[in-house]
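Hi,

Here is the structure I promised to pass on. Please have a look at it first, and then read on for what turned up.

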Amino acid sequence: MGLISNLSAELSALPPAMLKKITVVFPNRRAGLFLRRQLSIGAKGPMWLPEMLSVEEAFARWSGYGMADNLTLIVELISRQLSEGENGGRDAAAFIGHARQMAVDFDEIDHYLADPQAVFTALSEAKAAETWHPDGSPLSKYETAYLSFFRSLLNYYRWLKNRLLERRLMWPGAMAAHLASWSEQQWLEKLPDGEVWFAGFNALTPAEEVVMTRLCGMGKAKMFWDLDNYYMLPGPDGQQQAGSAMRRFKKNHPELVEHWIGNDLTTKPKKIRIVSTSGAVAQAKALGVMLLAQKPDENNTDEAIVLADEKLLEPVLNSLPEEVGEVNVTMGYPLVNSPLFHLAEKIAQLAVFGAHSERETLPLMLVSDLLMHPLVSGAIEKELREGCALLVRKLISDGSANIFPNRLEEHIVILPKSAQQLVNQLMELQKKSAGELPTAILHWLETPGLLNISDYLLEKQLDELRRLLNILSDALKVSGLSARESVPLLLRQLGKNSHIKLSGEPLKGLQVMGMLETRNLAFRRVHLLSANEGMLPATKSSSSLIPADIRRHFGLPMRSDKDAISAFHFYQLVQHADEIIFYYNTEPDALGGGEKSRFLLQIRHQLMKVNKDISWEEITFNPPLPAGGGEVRIEIPKSEAIREALARKAESGISPSALSRWYNCSLQYYLGEILGIKEKPLPGELPGFNVTGTIIHRAIELLYKPYVNKPLTAEAINNMQLQLDKAVDEAFSDELPGVSKTIGRNALQFAMAKKMVERALGNDLKEIKKNSRITVLKQEEKLEAAIDTPSGTLRLKGFPDRIDTDGQGLRIIDFKTGSFDEKKLKIDQLEDLTNPEKKFALQLACYMLMAEKTFKNLTGLRPRGYILPLKQSNTGLAETTLPFDESQGFREFEALLSVTLEQMLDPAVPIAQTTEIKRCANCIYLRICNREAAAANNY
């Protein structure tokens with residue numbers, strides 16, 4: 001029996017008159033709905049129901065204050081920053097990320113009953129020591145501002161608390177701390193005649209623990225749990241992390257842990273299936289197939305789909321077969337992940353970009369990205385969506401990466417009237433002030449014929465976006481901010497703290513929810529998606545301005561505490577289920593991944609030791625290929641002007657990566673190399689992890705610069721290791737000037753860069769100790785080679801990371817900071833080099849050809865090409881193998897390049913999209929080509 005069944009039995013045994021005096025408090029509201037249903041099932045007639053509240057609702061009622069959510073806190077902090085005149089407006093973009101972290105930290109300080117003055121004083125002193133110069137030199141302007149910010153945190157804390165109190169509001173931690181300070185007399189006045197049942201809690205914060213145990217000590221409350229001895233008691237593999245919080249509580253309050261601790265995990269038969277998929281979205285497709293394959297269940301309220309990654313909600317809903325019947329979605333969905341928010345963000349970026357364009361032009365990529373957005377290309381009004389698609393095709397055919405106003409006007413006049421109005425309204429946004437822009441964006445989105453607001457999910461997205469844009473508009477108008485470029489960034493950061501609240505009838509149909517919504521509920525069958533390490537538990541960097549040592553000193557929660565909470569939610573979900581189907585993605589991302597969650601491994605290798613009635617099956621799901629019928633491919637005939645542009649590009653120089661793009665998709669090559677449409681940060685975008693690669697390459701270049709053309713020694717490597725921090729710091733500052741490297745994602749980027757540079761140095765040290773005579777000849781210097789063909793000249797050009805000699809010949813070495821598969825360096829036949837999956841081998845082959853022509857008299861030996869994968873420790877150099885005849889040298893490769901140039905210039909072969917949809921998954925031109933949906937389905 002689960003918590004709800006146990007509570008129902010306990011309440012039903014009481015005299016009816018007592019029920020109306022009881023308030024049942026759960027961690028969330030959802031459990032209360034299930035308890036009401038359970039009580040009604042067993043009722044023999046009319047009965048009083050106890051009041052059922054979430055803990056936040058109960059605390060708000062008792063305290064008499066309203067609950068301020070994170071979005072309210074952030075907007076208040078930003079409003080204060082924006083109101084500080086011109087400087088505040090200029091710094092708003094940088095401040096908003098801090099505001100999110102401040103809101104979390106303020107709440108935790110109060111929840112954990114820490115002294116805010118002591119915490120922020122210790123933090124200020126730590127930052128002062130961090131920025132102190134041993135030589136006595138003054139702090140830089142950046143360091144002064146950095147230190148000033150941390151010294152201001154206590155003032156921000158006090159100001160925000162007082163500001164909210166004026167409005168009768170508190171944040172959750174402040175409210176819990178306020179109630180924890182109450183005397184028994186205050187509680188007796190607030191709860192004179194009732195009893196509180198706290199049910200289904202786990203990791204109580206100190207403030208919550210004080211409130212609940214005090215009420216229990218006064219005889220005004222009881223506590224009920226949903227625990228299992230598997231994680232509460234030591235087992236053959238030690239103490240389970242999931243029970244760490246409750247074991248501490250039981251040690252301090254043994255008399256309060258009586259109801260209920262079961263043995264479902266170790267005694268109850270369970271059927272477990274693990275479904276591996278290639279791609280995140282493929283999990284949703286696998287779920288649809290599994291649901292169809294299982295037996296129909298009339299009461300599928302006992303079946304739940306649980307999303308560890310909330311971003312999968314829409315793919316899941318689109319993949320559910322009709323046969324499952326009614327579906328109830330009750331979960332918070334981040335607004336920032338919704339298609340409508342993406343569209344609003346693109347509109348804001350375009351409005352800001354257009355207003356600041358020096359040449360009064362707009363980037364083709366951004367305009368087409370917006371007009372080919374799925375919500376626009378799926379507009380209700382057929383003429384509107386067809387008009388937008390026609391405009392994009394016309395703009396691409398113009399052959400320019402920039403859109404000039406006169407050309408836009410010429411194209412607009414041929415569009416249907418509704419599409420003309422939509423585009424004209426878009427251009428009018430550039431005339432709006434910062435304060436007017438949010439309302440104008442909302443007005444554009446509400447254009448008749450654009451959005452199908454009868455769609456439930458889209459309606460909820462629009463409701464939340466409308467609320468967010470109105471809040472942002474009010475804040476901007478009050479502050480008088482004139483810096484329009486801050487609007488997209490403000491919008492994105494606020495969007496991260498805005499959740500679409502999806503709620504339905506939880507007592508009917510298949511249940512769809514996030515991990516937090518599963519608390520206290522028991523399901524017979526569970527489908528858990530994104531059961532990957534990194535998702536379960538989540539390894540996202542904690543949003544905190546307070547470093548770990550200070551957090552530990554003041555008793556604030558650590559990463560391990562959050563992992564333990566994730567473990568508890570996982571095992572609580574598993575303990576009552578008869579059948580659990582876990583889905584996980586085998587595809588690694590930019591930071592690794594593709595592995596099962598550690599929790600699945602714990603079941604396999606630990607829980608199954610003590611519960612022999614658990615069956616385990618692993619399945620690989622291969623989604624069917626999408627039907628290609630009905631797609632209109634983009635094809636651009638090679639006019640004389642286009643052929644001349646292709647020939648000029650070939651003669652001026654093509655990089656190996658550009659050559660790989662041609663083999664991947666000729667349209668991708670045309671858009672990037674001929675039209676010059678590149679992936680650039682747009683207004684409101686933050687630097688991505690791709691910046692880390694640039695920092696790493698720059699740091700390695702700085703370290704080796706004094707040793708170029710000198711034999712490398714172990715002493716030289718040791719000296720570089722001593723200079724490593726300084727080099728990475730300089731590279732970081734060059735790439736991200738004025739950005740702190742000690743906070744949030746930037747701290748992760750800095751740490752990753754250091755680790756990878758260490759691996760580069762370590763590899764050389766190992767080679768030197770093996771008596772290799774390494775001399776670095778070139779770093780990041782240009783190489784080129786001209787190849788004369790019947791069709792014209794093809795010039796290769798590139799910047800290999802390093803060229804050196806090792807006593808056995810010339811080596812070309814390229815550092816890779818992302819994922820790398822050594823098998824893709826093996827080339828069995830020359831044509832394999834045109835396979836985009838072999839792009840690293842192609843890159844090295846091009847570098848080797850250029851190096852041979854440049855250094856042909858240096859060693860007399862053909863250059864060798866290597867990849868050094870810095871992400872994988874202890875891998876060492878990986879050499880490419882090419883099927884070249886030694887006597888022929890690179891003539892066969894030059895012949896292949898000659899054929900490539902001939903194909904490029906052939907007027908009979910148009911520029912066209914690739915037919916391999918899977919190649920489109922990570923292409924930056926996805927929306928220009930209207931391939932977004934197809935690529936997502938294939939992925």
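Helices H1 and H3 cross in a right-handed sense. Please keep in mind that this is a predicted model. The axes of H1 (residues 3-12) and H3 (residues 30-42) come within 9 Å and cross at roughly 55°, which means that H1 is oblique to H3.

You can follow the contact by residue. From H1, the residues involved are Ile4, Ser5, Leu7, Ser8, Leu11 and Ser12; on the H3 side they meet Ala31, Phe34, Leu35, Gln38 and Leu39. Sorted by class, this contact of H1 with H3 has 7 nonpolar residues, 4 polar ones and no charged ones.

Next, have a look at helix H15, which spans residues 244-252. Which of its residues are buried? They are Ser244, Ala245, Met246, Arg247 and Phe249.

Last, the cysteines. The structure holds 0 disulfides. Cys846 counts as buried because its relative accessibility is 0%. Cys923 has a relative accessibility of 15%, so Cys923 counts as buried too, the cut-off being under 20%.

Best wishes

Methods
Residues numbered from 1 in each chain as written. Predicted model: local features only at pLDDT ≥ 70, side-chain atom pairs only at ≥ 80, totals over all residues. Heavy atoms only, no water. Buried < 20%, exposed > 50% of the residue type's maximum accessible area, 1.4 Å probe, protein only. Helix = DSSP H or I, 4+ residues; strand = E, 2+ residues; numbered from the N terminus. Axes fitted to C-alpha atoms, helices over the stretch in contact; angles between N-to-C directions. Parallel < 35°, antiparallel > 145°, perpendicular 65-115°, else oblique. Left-handed = near helix turned anticlockwise from the far one by under 90°. Contact = heavy atoms within 4.5 Å. Nonpolar A, V, L, I, M, F, W, Y, C, P; charged D, E, K, R; others polar. Disulfide = S-S within 2.5 Å.
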